[in-house]
Amino acid sequence: MRRCQLVLAILAATVSSHAAKQHLAKQCFKGGVCYQLNIPAETASSGEGHIYFQISGPTSYSWIGLGQGSQMAGSNIFVIYSDGSGNVTLSARRGEGHFEPEHDTSANVSLLEGSGISNGRMVANVLCRNCQQWQGGRADFTSMQGAWIHASRPGRSLRTMERDANLEQHEDNGAFVWDYGSAKGGGNVNPFVSRGEEPIVSTPPPDPAESDAEIVADTKVVSDALMTAHGTLAAITFLVLLPVGAMILRVPGIDIWIHAGIQIFNYCCFIAAAGLGIYMAIQERLSNHHHPLIGMVLLGVLFFQPVFGYLHHRAYKSTQRRTLVSYIHVWVGRLAILLGMINGGLGIQLAGDVRRGYLVAYSVVAAIMGIVFLCSVVYWELSARKSSQSTEQGGGKSTSW
Ligand code: HEM
Ligand code: HEM
Ligand code: HEM
Ligand SMILES: *[C@@H]1O[C@H](CO)[C@@H](O)[C@H](O)[C@H]1NC(C)=O
Ligand SMILES: *[C@@H]1O[C@H](CO)[C@@H](O)[C@H](O)[C@H]1NC(C)=O
């Protein structure tokens, strides 16, 4: 027993002396968001020069920020988010008040080795060459402590290399004091990669008291496969299936029940795509973006198309004229298909940088299908008008619809 305690004591001493050798100050917050800081000996004595810091946290975060200062206004802020290709984007920003800080190009910062995304964590190892001074602020690295701020936003992964990406407001934020004593020391080298050892990534303490942290961290990033499944199915439905199902009516000899059957089947495809979309929107807290909102409107509106289509058909059989319900069915259907085509483009934009490459291809196909569809509508409306003038019948060529 004694010996065991002795061994433990020696182990603890070794570990702590090892930690001391790292010259790293550490701070972790809610949700497994952690920060580390190193002020190389040279910087600590002269008060200016390079400093190194690390920002890390789960990929369930949209962005994680760290700032020099005691409040947003006047702070030198650094924000990280996924870059869409397995690494992180580091965005230096200038805090000016209680609104989104603007990208600041005067900060001389770079991402170092060891930065990246792995095991569900984003890690940024940062070298700042001029953090002793910024517009509206100064830091004194010779002192024993310094005021910093932190903030984070769980949610969808931004997947962009743009440094001025739009950020949504934090859910967690706070000011803290960093103990420079434990941060000072060491040479002017990346302290987060130890020579030949494991990379030094600060992991949050396994503290059960942080149970609400689990809830915050629970927003999962949806898989690319899910997004591709949704995007592909929805795009095929709105770019091909629905317009073809509508235009097929204008082919001579086609029965309306073919149109009805095809469109109801197509609507079911959309229900499946929308199901995936709604799941993603909830997971990534995107419900208030244009793309999912327009999608929901389409889902609701198209639900009534079969009803109006059938009512139109019943009325037309007896009156041989378009009724109000016919106009609703025809025009709501047409507009919904066109709106859905546009919505796909918004979806690709929402999906971020990685998918931006699809935007051109999607737009070309959408434009071609949209024009073909519109031409068919215009042609039909014009010939319907002509035939209604010559036969004194309302709407449509002579059909039994
Ligand atoms: C989308 C951008 C942002 C918006 C719209 C925003 C907005 C706000 C607002 C309205 C407050 C006061 C209410 C509250 O405490 O929640 C606040 C406080 C705070 N924010 Fe932000 N913020 C943004 C980004 C950031 C970033 C990137 C940081 C990085 C460190 C940050 C750090 C803080 C801190 C520490 C406070 C509390 C101290 C203070 O009042 O300034 N914010 N923010
Ligand atoms: C209920 C309706 C809908 C909802 C809730 C919804 C939701 C979403 C969400 C959450 C994303 C992923 C964004 C991200 O992860 O950043 C997305 C992407 C996308 N959506 Fe939708 N959407 C809906 C309808 C539609 C419709 C009508 C189209 C029409 C073509 C469409 C086409 C796309 C495309 C092409 C993408 C990009 C997929 C990729 O990059 O692989 N969505 N949608
Ligand atoms: C989700 C299901 C449906 C959608 C999205 C849909 C959509 C459309 C669209 C866009 C048009 C106009 C076509 C054009 O001008 O190019 C149209 C016409 C028509 N639909 Fe549907 N439809 C659906 C279901 C039905 C059903 C179930 C019926 C019948 C029982 C029906 C009967 C008709 C008829 C008779 C017309 C021709 C009306 C006219 O030209 O006056 N539709 N539909
Ligand atoms: C950053 O600092 C380095 C070395 O001091 C300098 O060579 C470089 O031009 C600076 N970059 C910016 C963007 O200021
Ligand atoms: C991320 O980028 C930094 C700086 O460009 C680089 O040093 C690091 O190796 C990259 N990480 C990954 C996983 O590619």
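Guide: Start with the iron atom of ligand 1, whose site is octahedral. Keep in mind that this is a predicted model.

Visitor: What makes the site of the iron atom of ligand 1 octahedral?

Guide: Count the donors and check the angles. There are six donor atoms, with angles of 85 to 178° among them. Six donors count as octahedral if opposite donors are over 155 degrees apart and all others between 65 and 115. The site of the iron atom of ligand 1 is classed as octahedral on that test.

Visitor: Which residues coordinate the iron atom of ligand 1, and how do you know that they are donors?

Guide: Met72 coordinates through SD and His170 through NE2, at 1.9 to 2.1 Å. The cut-off for a donor is 2.8 Å from the metal. Both atoms therefore qualify as donors.

Visitor: Why does the pair of Met72 and His170 tie together parts that are apart in sequence?

Guide: Met72 lies in the loop between strand 4 (61-68) and strand 5 (76-82). His170 lies in the loop between strand 13 (145-154) and strand 14 (172-179). The pair therefore joins parts that are 98 residues apart in sequence.

Visitor: What surrounds ligand 1?

Guide: The shell has 18 residues, and the closest are Met72, His98, Leu167, His170 and Asn173. It divides into nine nonpolar, seven polar and two charged residues. Strand 5, strand 13 and strand 14 each supply at least two residues. Strand 13 gives the most, with three.

Visitor: How do you know that Asn173 makes a polar contact with ligand 1?

Guide: A polar side-chain atom of Asn173 lies 3.4 Å from an oxygen atom of ligand 1. The limit for a pair of N or O atoms is 3.5 Å. The pair therefore counts as a polar contact. A polar backbone atom of Met72 is also 2.7 Å from an oxygen atom of ligand 1.

Visitor: Turn to ligand 2. Why is the arrangement around its iron atom called octahedral?

Guide: The six donor atoms subtend angles of 87 to 179°, which makes the arrangement octahedral. The protein donors are His230 (NE2) and His291 (NE2), lying 1.9 to 2.0 Å from the iron atom of ligand 2. His230 is in helix 5 and His291 in helix 7, so this pair links parts 61 residues apart in sequence.

Visitor: Where does ligand 2 sit, and what is around it?

Guide: Ligand 2 sits in the largest pocket. Around ligand 2 are 30 residues, the closest being Met227, His230, Glu284, His291 and Arg355. They divide into 16 nonpolar, ten polar and four charged.

Visitor: What makes Arg156 a polar contact of ligand 2?

Guide: One of its polar side-chain atoms lies 3.1 Å from an oxygen atom of ligand 2. The limit is 3.5 Å, so the pair counts.

Visitor: Which residues are around ligand 5?

Guide: They are Asn87, Leu111, Leu112, Glu113 and Ser115.

Visitor: What makes Asn87 and Ser115 polar contacts of ligand 5?

Guide: A polar side-chain atom of Asn87 lies 2.4 Å from an oxygen atom of ligand 5. A polar backbone atom of Ser115 is 2.7 Å from a nitrogen atom of ligand 5. The cut-off is 3.5 Å. Both pairs therefore count as polar contacts.

Note on methods. Residues are numbered from 1 along each chain as its sequence is written. Chains are lettered from A and ligands numbered from 1 in the order in which they are written. This is a predicted model: local features need pLDDT of at least 70, side-chain atom pairs count only at pLDDT 80 or more; totals for chains, interfaces and linings use all residues. Side-chain values use heavy atoms; hydrogens and water are left out. A residue is near a molecule or strand if one of its heavy atoms lies within 4 Å of it. A polar contact is a pair of N or O atoms within 3.5 Å; within protein, one must be able to donate a hydrogen and the other to accept it, and residues adjacent in sequence count only if both atoms are side-chain atoms. On a 1 Å grid over the protein atoms alone, a cavity is a set of points where a 1.4 Å probe fits but cannot get out, and a pocket is an open set with protein on both sides within 12 Å along at least five of seven lines; lining residues have an atom within 4 Å of a point. A molecule sits in a cavity or pocket if more than half of its atoms lie within 2 Å of its grid points. Ala, Val, Leu, Ile, Met, Phe, Trp, Tyr, Cys and Pro count as nonpolar, Asp, Glu, Lys and Arg as charged, and the others, Gly among them, as polar. Donors are N, O and S atoms within 2.8 Å of the metal (3.2 Å for Na, K and Ca); water is not among the atoms, so sites may look incomplete. Four donors count as tetrahedral if all angles lie between 85 and 135 degrees; four count as square planar and six as octahedral if opposite donors are over 155 degrees apart and all others between 65 and 115; anything else is irregular. Helices (H or I, at least four residues) and strands (E, at least two) are DSSP runs, numbered from the N terminus.
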